[in-house]
Amino acid sequence: MSAATLSAPAAAPAREGRIGLRANLRHIGALARRNLLQIKADPESMFDAVIMPIIFILLFTYVFGGSMAGKGHEKEYLNYLVPGLMAMQGMNIAMAVGTGVNDDFKKGVMDRFRTMPIARSSVLIAKIVVEIGRMLVATAILLGMGFALGLSITTTPLHLLAAVALSVVFGASLMWVFILLGLSLKTPQAVQGMAMIILMPLQFGSSIFAPTAKMPGWLEGFTKYNPLSNLADAARHLMRGGPVAHSVWMTLAWAVAITLVTAPLAVSKFRKKT
Amino acid sequence: MGAGTVVGMTRNDTTRGAGSGGNAVEVRGLVKHFGATKALDGVDLDVREGTVLGVLGPNGAGKTTLVRCLSTLLRPDAGTARVAGYDVVAQPRQLRRVIGLTGQYASVDEKLSGFENLYMIGRLLDLSRKDARRRGEEMLERFSLTEAAKRPAGQYSGGMRRRLDLAASMIGRPAVLYLDEPTTGLDPRTRNEVWEEVQRMVAEGSTVLLTTQYMEEAEQLASELTVIDRGQVIAGGRVDELKAKVGGRTLQIRPADRGELHRMVGEVARAQLDGIAGATADEAEGVVNVPIISDEQLTAVVALLGSRGFAISGISTHLPSLDEVFLAVTGQKASSSAPEQDAADTDALQEVAA
């Protein structure tokens, strides 16, 4: 008898209950706020964005700078290094999104989100938005520190902005890789370990710290196709002058390719888990 | 009431079977496999609107799987389930607007404060900033968490976290609330607080599906019971019907002087009080056990012993344990009730089983 009264909504079109764009943005906002509050509650989680750029720039400039450019000429190396570090830190920060996603699934809070009338993707998007914010903070600190140590930009501020934008775009594409890892591996520790295995060769086997010309042939071949080399070169040329077209296009191509391959995998993995 | 009205919540009253009598939850032949194990093996059940259905069963009976299917966290392999008229498979989005879920494990963000957790959930439920704030504060107050509002949920005690979880589930005034073993692992005081809250929600018109391992909890909260085991419904009906099947409570009286145990049993037997038979002495425990089915009988027994001049040092009553319920409805012991949990549980109702 009750079936008659209760079956009414079944006839309603399937679109009913869809989440509108504005509601979706509001949900992403609320979830991004959550991620910001998590940072506030655990300020050490900002170490990678705040302290690491400072450590890297000081360490590499003064440890390698002398031998790379000659004692007393560390500034020259600084000009070479900073665009490279900019390329690198996007990757370091993107890593955090993987451990964050993994952690969410281990806790009950994801169950709560999944029983709520929100688009499931909004949880991921909010994370990506906050991570991009963290990348910008890290970049600002890196550049601020660089300028304090004597970094000089020989192009225009617009070029500098383009370099920043390019690193962020590339970093965002990497987030999908780490989200995929975060969804595939069992613990946040495993995610971090796996990420390091991917990161180390890419970071050091690149033009970030040293020009590739003096590397052995096989390594030079690897660095040539290493997207981090492309990004580092692109940022370098955008900030210090030089041919930008090739490296910028290569970087964008890498970003698109990485996103096209890993984003659908990550989203489908996420759907399956949710 | 009016001030608390949630704007923008599509608790589509027109689509919910108006008035009482309808079923808020209808489950027919629900099946869910995990590999070779059938967690749910054709479950049928109904929850009438505005009532509490207790789903009673041992660990591994399929209770949590049932709740997860009904809250769109799991997709059933066969059968149908409708909640507030919405099909769990075909209309998950609509369904999520009318349900709330509190599980065994608190699903709140441990890094966020109690207030921030509730505020976030309010915003995710499309409340305005102002309404989300007000509703969050209202719920904190209601669950006696106002003082802890600004502390991270990770620092809360187990009971506080469970209360916060309940508050979070109720922010959107869900038409149907699932409580999956809401008091498992809680101390008796906190358990009572949770019970009071659930009773209050029902009084305000919510429909509740409650899973539990405890007969006592089922009796406190539920009007009807479904007993499940190995993914199947093995008994169901009103709580008093089931109790009649299982038998009533056991009254335990502890004399101040153990030597008087047998004299007390003798007095109770001799008095031939209405409906009372089978008083026994438990020498190990130092108590007299009297099976009773009503409060009047309790009063009569205690009054009798008082009038005969016995010094009594303790009185308690115990409900039948889950094991005894199973024994009564199936003639066999619960399939997989975890012995270590029963042993660790000092809950009064376990004493009788021991």
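Guide: Two residues are in contact if their C-beta atoms, placed from the backbone, lie within 7 Å. This is a predicted model, where local features need pLDDT of at least 70, side-chain atom pairs count only at pLDDT 80 or more, and totals for chains, interfaces and linings use all residues. Residues are numbered from 1 along each chain as its sequence is written, while chains are lettered from A and ligands numbered from 1 in the order in which they are written.

Visitor: How many residues of chain B are in contact with chain A?

Guide: Let's count from both sides. On chain A, 30 residues take part. On chain B, the number in contact with them is 36.

Visitor: Which element gives the most to the side of chain B that touches chain A?

Guide: Helices (H or I, at least four residues) and strands (E, at least two) are DSSP runs, numbered from the N terminus. Elements giving two or more residues to this side are strand 5 (86-87), helix 2 (92-96), strand 6 (99-102) and helix 3 of chain B. With four residues, the one that gives the most is helix 3 of chain B.

Visitor: Where in chain B is confidence lowest?

Guide: Here we use pLDDT, the predictor's confidence in each residue, from 0 to 100. Chain B averages 82, and its highest confidence is in helix 3 (residues 114-124), at 96. At a mean of 34, the lowest is in helix 13 (residues 348-353) of chain B.

Visitor: How many helices has chain A?

Guide: Read along the sequence, chain A follows the pattern α-α-α-α-α-α-α-α-α-α-α-α. It has zero strands, and its number of helices is twelve.
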